[in-house]
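Please study the sequence and the three-dimensional model shown below before reading further. The report that follows is meant to be read beside them.

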Amino acid sequence: MDMAELLEVAEALLRRYPLCDSCLGRQFAMLGSNLSNEERGFSIKTLLMMNLDRERGLSEDNKELLIALARSGHNPSIEYLKSKGIDVEQIPCYICRGLLEHIPRLVRKALEKLKHYEFNTFLVGSKVPEEVLNREERLRAEYKLDRGESIKAEINRRAGKLIREATGKEVDFSEPDIIVTLDFGLMDVEVLPSPIFIYGRYRKLSRSISQCRWLCPRCRGVGCSYCKMTGKRRLLSIEEAIGSVILKYALGDDVKFHGAGREDVDVRMLGNGRPFVIEVVRPKIRNLDLDRISIEINYRCRGIVEVMDLKFVPRDFVKKLKASAEVRPKVYKALVKVDNELEMDKLSLLERMFKERIIRQRTPLRVLHRRADKVRIKRVDWVKPRMLTSRRVFEALVKCQGGLYVKELISGDKGRTSPSFSEVLGTNARCIRLDVLKVEG
Ligand SMILES: [Zn+2]
Ligand SMILES: [Zn+2]
């Protein structure tokens, strides 16, 4: 589009629709770098005015165009017409109806809200009433204008610049710390801090603490006298033990706990601990002193839970953690009780039978109410049994693939897990105590 063509289109546009400087300039955003849409729009209007055929004076045609320019808020045209005794009333911009003038006000509101959050990067988005977007789209189709910027892009860019100048923080399009949404329908601002993700490993030293929060079994989370109106089971969870301390420093709305697998309430998690990620929802503080936090958790939960290796990780780490939990090999220590006294050779048989053995395991009966019934194929690497003083109790170290239910490997779960300790020993075996000694990887 050359300049003559541009002026022709712009003139046709303005004769039909009053457009503010920004909305006009935005349609020709490919012209003149380093100009704002507003400057570009004003320049085009001024060019149109200067381009008028002076010789014909204030002909009807010239007058019409000048009135169109004046209606759209072009001051030189307004002044000129006034000098000729013609007063023209300005008409709100056909596309934005003055909406763009509210950018500074909403940005001020955003800055006020942002004061409560710690962030290094941000991104601005906007909600613009549908009819504004539709008007711009129709106008572009009508005049075949396809190279301009969209009104939302202009708003986001301008607001982003204002916020950057006021805060010194940078715009980040892929992983911003906080997202600012200017809502031109409600004339309000929403700030949404991105969650932070903290990786760590926990050791669970107690046999009466669960990994996650559970709903109160009586009221199902509503709150009743049994749960003292908390809606939660009266059992401390690792999620709460770790989450409450992190939440206190991050000042978020909530935490979500992502474990690399889990152990039963009565199972201890020892050794190097189990990997987990804590997600803090809507944190106000992002730069946390993780050393100090782990010291506080370990002090407050001493004898119950211990955390180590806390560090920040990106969002996609959670998916990797979950995926790896299924295959991460684990080493367990089980205390096994059998119905009939055992001969010594039975334990060496057990050791031989479970050397690199494939186990077929149907979903255990005890978790069937919350897990789909299916057959899992899992591998046991080895079992190292050790007789204790009684001949009806022995200890076994078991190394196996993640996701194998070890209690059922021992009991056989009424034939649903095979082979099992009960099957090989020829007597009912059950796990009376279980510890995870090591989670690999
Ligand atoms: Zn406008
Ligand atoms: Zn309750």
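## Basis of the report

This is a predicted model, in which local features need pLDDT of at least 70 and side-chain atom pairs count only at pLDDT 80 or more, while totals for chains, interfaces and linings use all residues. Residues are numbered from 1 along each chain as its sequence is written, chains are lettered from A and ligands numbered from 1 in the order in which they are written, and side-chain values use heavy atoms, with hydrogens and water left out.

## Domains

The domain assignment divides the protein into domain 1 (3–83), domain 2 (99–193), domain 3 (196–325) and domain 4 (330–439). Such bounds come from an automatic or database domain assignment.

The centres of domain 2 and domain 3, taken over C-alpha atoms, are 36 Å apart. Between these two domains, eight residues of domain 2 are in contact with six residues of domain 3, where contact means heavy atoms within 4.5 Å.

## Two helices that cross

Helices (H or I, at least four residues) and strands (E, at least two) are DSSP runs, numbered from the N terminus. Helix α1 (residues 3–16) and helix α4 (residues 60–71) have axes that come within 8 Å and cross at roughly 75 degrees. Axes here are lines fitted to C-alpha atoms, for helices over the stretch in contact, and angles run from 0 to 180 degrees between N-to-C directions. The two helices, α1 and α4, are therefore roughly perpendicular to each other; angles under 35 degrees count as roughly parallel, over 145 as roughly antiparallel, 65 to 115 as roughly perpendicular and the rest as oblique.

On the α1 side, E11, L14, R15 and R16 take part in the contact, and they meet D61, E64, L65, A68, L69 and R71 in α4. The residues of this contact divide into four nonpolar, no polar and six charged. In this division Ala, Val, Leu, Ile, Met, Phe, Trp, Tyr, Cys and Pro count as nonpolar, Asp, Glu, Lys and Arg as charged, and the others, Gly among them, as polar.

## Nonpolar cores

In soluble globular proteins, nonpolar side chains tend to be buried together. A nonpolar core is a set of buried Ala, Val, Leu, Ile, Met, Phe, Trp, Tyr and Cys residues joined through side-chain atoms within 4.5 Å. Buried means under 20% relative accessible area, exposed over 50%, and partly exposed in between (1.4 Å probe, protein chains only).

The largest nonpolar core has 54 residues, of which Y202, I242, L350, F354, V380, F394 and F421 touch the most other members. Helix α9 (residues 238–250) gives the most to this core, with six residues. Domain 3 and domain 4 both give residues to this core, so it lies between them. Leaving aside neighbours within four places in sequence, L350 is in contact with V383, P385, F394, F421, V424 and L425. A second, separate core of 53 residues includes V9, I78, L139 and I151.

Not counting residues up to four places away in sequence, R26 touches N37, I95, L100, E136, R140, G148, E149, S150, I151 and E154.

L7 lies in helix α1 and counts as buried at 10% relative accessibility. Its contacts, not counting residues up to four places away in sequence, are I44, L47, L48 and N51. The C-alpha atoms of L7 and V331 are separated by 78 Å, and these residues are 324 apart along the chain.

## Loops and backbone features

G415 lies in the loop between α13 (406–411) and β13 (417–418) and counts as exposed, at 60% relative accessibility. P217, in the loop between β5 (196–204) and α9, is partly exposed at 44%. P217 touches Y226 and R233, not counting residues up to four places away in sequence; the C-alpha atoms of P217 and R233, 16 residues apart along the chain, are separated by 6.8 Å.

The peptide bond from S418 to P419 is cis, with omega near -5 degrees, and P419 is placed in the loop between β13 and α14 (421–425). M187 is not a glycine, yet has a positive phi of about 55 degrees; M187 is in the loop between β3 (178–183) and β4 (188–193). D309, also not a glycine, has a positive phi of about 60 degrees. D309 is found in strand β8 (residues 305–313) and counts as partly exposed, at 48% relative accessibility.
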